[in-house]
Amino acid sequence: MSILVMLAVVAWFWFDVRRELRARFSRLDGDIQALRERIATLENNAGTPAERAMHAPPRVVEPTQTTQKPVVPQAAVYAKVAPQSASVNMADDAAESLETRIGAHWLLYVGVVAIVVGVAYFVKLAFDSEWITEFARVLIGGVAGGSLVFAGVRFARAGYPLYGQMITGGGIAILYVSIYAAFNFYELIPRSVAFALMALVTAAAAWLADSQRSQGLALMAVGGGFATPFLLASGRDAQIALFTYEAILVAGTMYLARHRDWPALNLVSYAGTVLTFAGWAIQFYTFEKFLVTEIILTIFCGMFLFILRENRRARGVFAPLVQVVLWTAPVLYYLASIAVLYEHSIPMLVYLILLSVAGAIIARQIDSSLVRLIV
């Protein structure tokens, strides 16, 4: 598996370099062609008075007069010098940009993958040979993850944000894995402690993403936060605690997305909420829990409708996609509510009446015939 990952990285690196070189050479060809056209235009205008004065025979002057050197027109000098210097400068810029891309990005990726693969093989050998105990394994993982986070912060503050963010992200991932292993594999800590530690790592990752203005770290924090209930599943129903945690996570994600204009975070938050609710409903929903479940559905639908409204101000690349995806929230809410209240006639009637009133008010506020038709 590790060899396949390395081959994939090398192949990706090679194809990206080829694509970059082709793009650079294509632009250079276009610039050279434009310079040739300018030279041809200057040669066609060689019959101007300035050109005739330059090519005219020298005039004989008296010895008492001061001889002046002929003035060469700037157009002629530019025609001789500018094309060559411009081509050289553009070629240097292209080479410098490609070298910067290779040195600052791809070699870093290859190096990180190589380190991870090497460490993984060493750790596997140590585990298989039982050189270290289970507690020592978890402790080493925690110390390694914390050290990488610290080193990443130092790199970012020193003026190397890309390196710092990548190292910090690797450290956060190691911390998640270490906590999960301590709980699920080795049973060294109880579920409550593991949940608290994962929540703490998620909060720290969100704070680092905000301070370093790194959307990648923010996505890792949000994804890790929504993955925590799945990683620490107990097999017992904890509906109130679970969805209270989810509501807090959605609210924090909403704040961070609005504060830094990262609409993609709301997309991850929405997907995580839908998956969490679907997983809980399949495993734990029963006939008696309809009222609490409907209240939870209403709260989350209201939150995502508010996010949908706020997303209209977003200017990120993913803002249009998020706008389209979040429009499915009221549709899913309606379908889930019908499924929950289907066997409860009176609550179903109340729900439909309240939904109709709310839809009529919203349609009147925004003056939309389409909304009235849907309601």
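**View 1. Helix H6 and the buried residues along its length.** Ala194, Met198, Val201, Thr202, Ala205, Leu208, Ala209, Asp210 and Gln212 are the buried residues of H6, shown here as they stand in a predicted model. The cover over these buried residues includes H4, helix H5 (161-185), helix H7 (215-231) and helix H8 (239-260). H6 itself runs through residues 191-212, and its 22 residues reach 31 Å from the first C-alpha to the last, close to the 32 Å expected at 1.5 Å a residue. Just after H6 comes Arg213, which takes a positive phi of about 55 degrees.

**View 2. Helix H4, its span and its buried residues.** The 24 residues of H4 (residues 134-157) should span 34 Å at 1.5 Å a residue, and because the end C-alpha atoms of H4 are 35 Å apart, the model agrees with that expectation. Arg137, Val138, Gly141, Gly145, Val149, Gly152 and Val153 are the buried residues of H4. H4 is followed by Gly159, for which phi is positive, near 105 degrees.

**View 3. Phe243 and the residues around it.** Phe243 has its place in helix H8, and with a relative accessible area of 4% it counts as buried, because the cut-off for that class is under 20%. When residues up to four places away in sequence are not counted, Phe243 touches Thr276, Phe277, Trp280, Ile296 and Phe300.

**View 4. His344 in the loop between H12 and H13.** His344 lies in the loop that joins helix H12 (328-341) to helix H13 (345-366). Its relative accessibility is 9%, and His344 therefore counts as buried. Once its neighbours within four places in sequence are left aside, His344 is in contact with Phe287 and Phe290.

**View 5. The largest pocket and its lining.** About 1,200 Å³ of space lies in the largest pocket. The lining is made up of 34 residues, of which Leu305, Pro330, Leu355, Gly359 and Ile362 are the closest to the centre of the pocket. Helix H10 (290-310), H12, H13 and helix H14 (369-374) each supply at least two residues of this lining, and H13 provides the largest share, with 12 residues. By residue class, the lining of the largest pocket divides into 25 nonpolar, 6 polar and 3 charged residues.

**View 6. The whole protein chain, as context for the close-up views.** The protein chain holds 14 helices and 0 strands, and buried residues make up 30% of its 375 residues. Among the contacts in the protein chain with a separation of 6 or more, 69% are accounted for by residues 24 or more positions apart. The accessible surface of the protein chain comes to about 24,200 Å², and carbon and sulfur atoms account for 68% of that area.

Notes: Residues are numbered from 1 along each chain as its sequence is written. This is a predicted model: local features need pLDDT of at least 70, side-chain atom pairs count only at pLDDT 80 or more; totals for chains, interfaces and linings use all residues. Side-chain values use heavy atoms; hydrogens and water are left out. Helices (H or I, at least four residues) and strands (E, at least two) are DSSP runs, numbered from the N terminus. Buried means under 20% relative accessible area, exposed over 50%, partly exposed in between (1.4 Å probe, protein chains only). Contact means heavy atoms within 4.5 Å. On a 1 Å grid over the protein atoms alone, a cavity is a set of points where a 1.4 Å probe fits but cannot get out, and a pocket is an open set with protein on both sides within 12 Å along at least five of seven lines; lining residues have an atom within 4 Å of a point. Grid points are joined across faces, edges and corners, and a volume is the space filled by probe spheres set on the points. Ala, Val, Leu, Ile, Met, Phe, Trp, Tyr, Cys and Pro count as nonpolar, Asp, Glu, Lys and Arg as charged, and the others, Gly among them, as polar. Accessible areas come from the Shrake-Rupley method with a 1.4 Å probe; for residues, only the protein chains shown count as cover. The expected span of a helix is 1.5 Å times one less than its number of residues.
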